[in-house]
Amino acid sequence: MRDTEFFEKVSNVKNKLYRIAYPYFESESMAVDAVDEAIYRGYVKRKQLKEPEYFDTWMVRILINVCNTGYQKAKRIATAEEVPESIAPSDIDNIPLREALRKIPVKYREVVMLKYFGGYKVAEIAMLINVPQGTVATRLSKALKLLRLELNED
Amino acid sequence: MDRINELNKLMEECDSIPKALSDDNIIRTVKRRAFKHNAAKAARTLAGTIAVLLIVFMVGVNTSHAFSKAVSDIPVLKMLARLVSFNKGYTDAINHKYVTEVFAVGEDDIGTIYVDYVMADERSIVLFSNTKIKDKSKSDARGYFCIERMWDTDTGEEIEFAGFVSMQKEENEEYCVTSLAWDCYHKNVMIEAKYYDPEDDSQGKGNAVICFKTGECLETREYNIYELIDIDGYKYEVTALRMYPMSTEIDVTLLDDVDTDYEQTLDMEFYLQGNNELRKKTDGVTAWLYDNGHKTFVIESGYYVFDDEFVLGLERVDILPREYREVTLDLETGVFTDAFGIVDYWELYDLEAVDGQLVNSLCIKNTKAEEGVMSDFLNSKELDAVIGCGSATDYEDGTVFEYVCLDKDKLDINDGIVTLIRDEAIYIKHPEWETVIR
């Protein structure tokens with residue numbers, strides 16, 4: 001893939017990348033850093049993408065990896081604690097949604113981000129994070145319960 | 001505020017995209033990082049070869065009558081040839097006057113750039129430039145212009161390029177040499193350069209623009225080869241050789257690594273042998289031609305070295321089999337292990353660990369790494385974590401070893417086990433393969 005083609009495709013997908021990254025972090029600048037990092041990694045590896053029609057999916061996958069690892073680092077800096085999987089919804093009832101999102105386990109957080117901020121369907125999320133559709137649906141349901149979000153999961 | 005409203009508000013915030021993610025900013029940020037990465041890679045390779053090439057260049061001056069006559073007759077060419085003595089292909093090209101006088105000037109608020117000479121072919125462009133900074137207080141500083149972007153002024157298309165983008169000359173030299181790889185030859189070129197001040201970490205300043213013609217480009221000489229090489233079960237196909245005025249490219253398919261996510265062949269060292277000349281590979285700026293299973297190796301010699309017939313040979317192949325890639329370190333015992341047992345030539349060096357937990361960094365000493373070659377025995381993932389590396393001497397036995405120190409926050413550590421991905425050859429083969437090119 002040539003440079004011009006790569007940056008054209010990036011231009012089309014960058015808003016979606018930012019929307020997914022933003023809720024992961026506490027600041028706009030960290031979200032921008034994460035998107036920048038994902039684009040850079042994509043640029044370096046652009047010749048490994050054999051099927052350009054999957055460019056958006058591929059970039060989102062890179063971004064998820066960046067956010068998950070970046071989040072781990074940010075979490076240490078902020079000394080925020082991720083709640084254990086056995087946590088009850090009542091434990092995060094009284095905190096703002098943006099903070100609650102950062103506290104739920106990564107596997108629940110990423111499906112929420114992809115569904116509500118990335119605009120992906122369950123089947124697409126399954127492909128993005130490489131798990132069965134049923135697992136995505138279960139994680140989404142659990143995440144929404146934890147967050148006390150009464151939304152339609154479809 | 002209820003949860004639905006909170007979610008809606010958060011989604012609204014995401015719709016406001018920061019200026020930092022404008023297309024121009026993204027392109028500049030990404031390309032600058034890629035250039036720095038390529039330059040660092042190239043520097044590691046060149047550092048090991050420059051000293052050898054300088055010696056070869058001196059031998060050339062003293063023994064080749066044609067060479068020494070040409071450079072001594074024309075002082076400018078002599079001076080330019082000295083500046084590019086790190087690359088024999090460039091030196092040969094200048095020796096044969098394959099250089100164009102440009103005398104182009106670009107100016108902005110920061111200073112003036114003078115591009116006096118250019119060499120260009122289908123694969124490379126080499127600029128000889130000078131800069132003057134307007135602010136006299138900065139004249140002693142180590143700030144410098146860097147080439148940011150390049151356009152073909154005939155088509156208006158932006159040109160892709162890679163390499164050392166700095167226009168910073170060495171002290172007491174007449175010109176800075178900026179050598180870049182590009183995707184094809186361009187006759188009319190416009191360059192945009194910005195000034196970088198090392199004491200100011202912000203983005204580049206100013207915007208100097210220079211336009212010039214690159215001169216006539218000689219056609220590419222292409223030879224189809226299609227020869228299979230089998231080295232202890234590892235198979236390769238040498239498919240083509242292309243000769244340009246300043247360099248030669250060899251296309252190789254690593255048959256065991258095509259469409260895999262990992263290449264087992266780390267490096268191949270080809271050479272060209274003529275009647276009185278032997279030329280070996282160079283590396284660095286061609287990394288962008290990289291694709292898994294398909295490699296293009298560059299030898300720094302072009303049109304001007306060989307006549308009708310010469311030999312292409314393969315001197316060395318470095319192989320890291322897939323199963324040797326992963327090395328783990330047990331922080332309790334300090335022992336490095338791969339799939340085949342203990343890696344006894346990797347040792348902990350100045351380990352900062354308390355109760356099996358790393359404090360700040362992990363330093364690894366490699367007693368088998370080649371002296372003078374930067375600590376390159378870990379792959380790029382680990383190189384991102386490097387906070388220091390170099391050579392040191394063992395005070396007890398006087399041996400020199402390489403070491404690398406890694407930021408613990410960037411390592412994969414689980415239950416006291418550090419997982420590292422190695423990038424050093426397990427087997428170094430000398431296949432003695434040669435073919436005659438006519």
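Hi everyone, let me start with chain B: among its contacts between residues at least 6 apart in sequence, 64% join residues at least 24 apart, where a contact means heavy atoms within 4.5 Å.

A quick word on how to read this. It is a predicted model, in which local features need pLDDT of at least 70, side-chain atom pairs count only at pLDDT 80 or more, and totals for chains, interfaces and linings use all residues. Residues are numbered from 1 along each chain as its sequence is written, chains are lettered from A and ligands numbered from 1 in the order in which they are written, and side-chain values use heavy atoms, leaving out hydrogens and water.

Now, confidence. The predictor gives the complex an ipTM of 0.80 and a pTM of 0.56. For chain B the mean pLDDT (the predictor's confidence in each residue, from 0 to 100) is 77, with 75% of its residues at 70 or more. Over residues 40-72 of chain B, pLDDT stays under 50, and the model has 34 contacts beyond four places in sequence for them. Over residues 283-290 of chain B, pLDDT also stays under 50, with 24 such contacts.

What is chain B built from? It has six helices and 28 strands; these are DSSP runs numbered from the N terminus, with H or I over at least four residues for helices and E over at least two for strands. Of the 438 residues in chain B, 48% are buried, meaning under 20% relative accessible area with a 1.4 Å probe, protein chains only.

Let's zoom in on one sheet. Three strands of chain B form an open, antiparallel sheet in the order β4-β7-β8; two strands pair if DSSP finds at least two bridges between them. At the edges sit β4 (144-152) and β8 (205-213) of chain B, each pairing on one side only. Neighbouring strands here are turned by 25° against each other on average, direction ignored. Strand β7 (residues 188-196) of chain B is joined to β8(B) by seven bridges, and B:Ala193 has B:Ala208 in β8(B) as its bridge partner.

Finally, over to chain A. Helices α6 (residues 122-129) and α7 (residues 133-147) of chain A pack at about 105°, with axes 8 Å apart; the axes are lines fitted to C-alpha atoms over the stretch in contact, and angles run from 0 to 180 degrees between N-to-C directions. So α6(A) is roughly perpendicular to α7(A), a label for 65 to 115 degrees. Among the contact residues are A:Ile125 of α6(A) and A:Leu140 of α7(A). Thanks, everyone!

Technical notes:
Angles under 35 degrees count as roughly parallel, over 145 as roughly antiparallel, 65 to 115 as roughly perpendicular and the rest as oblique. Buried means under 20% relative accessible area, exposed over 50%, partly exposed in between (1.4 Å probe, protein chains only).
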